[in-house]
Amino acid sequence: MANITKKVSWSSRGDESALVGEETPLLNGSEQPRLLRQMSSGNTIFQIDRLSTVDLEEEITTEEDPGRGRPKEIPHNEKLLSLKFESLDYDNIENQLFLEEERRMSFMSFRCLEISRWVICGLIGFLTGLIACFIDIVVEQLAGIKYKVIKENIVKFTEAGGLSISLILWAVLNSSFVMLGAVMVAFFEPIAAGSGIPQIKCYLNGIKIPRVVRLKTLVIKVCGVICSVVGGLAVGKEGPMIHSGAVVAAGVSQGRSTSLKRDFKIFEYFRRDTEKRDFVSAGAAAGVSAAFGAPVGGVLFSLEEGASFWNQMLTWRIFFASMISTFTLNFFLSIYHNKPGDLSNPGLINFGRFESEAMAYNLYEIPLFIAMGAVGGILGALFNFLNYWLTIFRIRYVHRPCLQVMEAMLVAAVTAMVAFTMIYFSTDCQPLGPDHTEEYPLQLFCADGEYNSMATAFFNTPERSVRSLFHNPR
């Protein structure tokens with residue numbers, strides 16, 4: 001499927017200019033075959049269909065003739081898709097060779113293939129869980145270093161004056177992390193931008209997007225997520241885990257790496273679009289499970305986006321990969337938090353444990369919940385409306401990589417300025433007890449033995465901030 005033949009032109013009669021010597025360039029920029037040039041130079045009335053082969057995987061690079069400019073692709077308008085996109089072949093080609101291979105397969109070989117599918121799904125879940133654990137630990141460590149440096153600088157300049165230096169330091173640190181991630185994505189692998197969920201949905205529904213499941217995309221995705229979260233952007237690491245799990249599944253199931261140009265000569269039987277799609281479904285489910293600690297939710301996500309409902313064994317394999325993923329993340333995070341065996345961190349987003357007596361609801365609270373839901377829906381619709389027009393503006397004016405990097409840095413700097421302003425003007429001072437859970441308590445203008453509670457919401461990773469809002473009694 002990589003190389004396909006495209007018909008460029010067909011005509012029942014040719015004009016005089018074409019017959020005399022005007023040659024029509026082919027899709028890939030190569031010259032016409034000698035036979036066509038000979039026929040066009042004669043008095044032939046009819047022209048044979050001109051064909052060319054276009055490699056959809058590799059970029060089209062040809063030496064251009066300085067005397068004549070040849071187009072490198074079909075002249076088209078912006079409504080047409082690029083030639084680099086093609087459809088995945090999910091149907092097995094039941095030709096004679098395929099049927100003979102199926103007949104020669106013994107019962108033991110069939111059982112070995114089934115065992116291999118389960119082993120691959122287990123590896124997918126294990127590696128996806130390790131990636132989620134790595135992202136969570138690195139984000140926490142880098143964010144801790146950043147907040148410690150900013151806290152020491154604010155404490156230093158609170159009494160001596162010059163808090164503007166702390167503001168500049170915060171903005172520079174945020175912009176530096178974001179610039180690093182934005183440069184990697186914009187200049188090295190643009191397909192790694194965003195969460196990657198729309199691209200995986202397209203893949204599971206039959207559209208082969210170039211480089212969407214490459215190892216290079218995974219590395220840039222992981223580094224970009226870490227830099228974005230540490231840089232203070234209002235983004236999360238849960239959505240990109242779905243894309244990361246899909247990339248892991250695509251690489252493990254094929255037994256080779258296109259980015260590394262290595263073929264390990266394993267799992268060659270599964271190098272078909274049908275098998276690869278099933279394993280990518282398992283990888284996406286493992287990513288959902290690692291992000292939210294919901295194995296069943298991962299299965300439902302994969303089935304909704306294109307996996308086979310009728311294949312019960314596939315459903316169980318997807319569930320198995322999801323369970324392995326959330327268990328791996330839970331186990332290694334318990335070791336990292338010096339609580340081996342305490343499996344209370346099933347996903348990257350975790351709200352902590354709630355006591356049953358503290359979760360009692362009253363009847364009068366139901367209308368409040370309804371009002372909160374309605375306001376949230378209105379704000380969500382307004383956000384989507386503004387995001388639509390902002391996206392149109394960005395596509396039209398912010399399309400160069402350098403402008404995209406500058407835009408990300410500007411958002412990071414503005415976020416730091418807003419956070420610093422809210423902390424500076426906050427007067428909510430809380431007593432700092434001996435058993436406080438705040439890692440970076442900031443005194444600022446509060447009295448001795450007190451801390452600024454607003455700083456707790458910003459001097460933490462997003463997950464820790466949410467847990468603090470839910471569990472801090474003050």
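View 1. Trp389 counts as partly exposed, because its relative accessibility is 49%; buried means under 20% relative accessible area, exposed over 50% and partly exposed in between (1.4 Å probe, protein chains only). This is a predicted model, where local features need pLDDT of at least 70, side-chain atom pairs count only at pLDDT 80 or more, and totals for chains, interfaces and linings use all residues. Residues are numbered from 1 along each chain as its sequence is written, and side-chain values use heavy atoms, leaving out hydrogens and water. The structure holds 15 aromatic pairs. One of them joins Tyr388 and Trp389 edge-to-face, 5.3 Å centre to centre with 75 degrees between the planes. Rings of Phe, Tyr and Trp (its six-membered ring) pair if their centres lie within 6.5 Å; planes under 30 degrees apart count as stacked, over 60 as edge-to-face and the rest as tilted.

**View 2. The disulfide of Cys429 and Cys446**. Here the two sulfur atoms are 2.0 Å apart, and a disulfide is a pair of cysteine sulfur atoms within 2.5 Å. Cys429 lies in strand E7 and Cys446 in the loop between E7 and strand E8, 17 residues apart; strands (E, at least two residues) and helices (H or I, at least four) are DSSP runs, numbered from the N terminus. Cys446 is buried at 8% relative accessible area, whereas Cys429 is partly exposed at 26% relative accessibility.

View 3. Cys227 is buried, with 9% relative accessible area.
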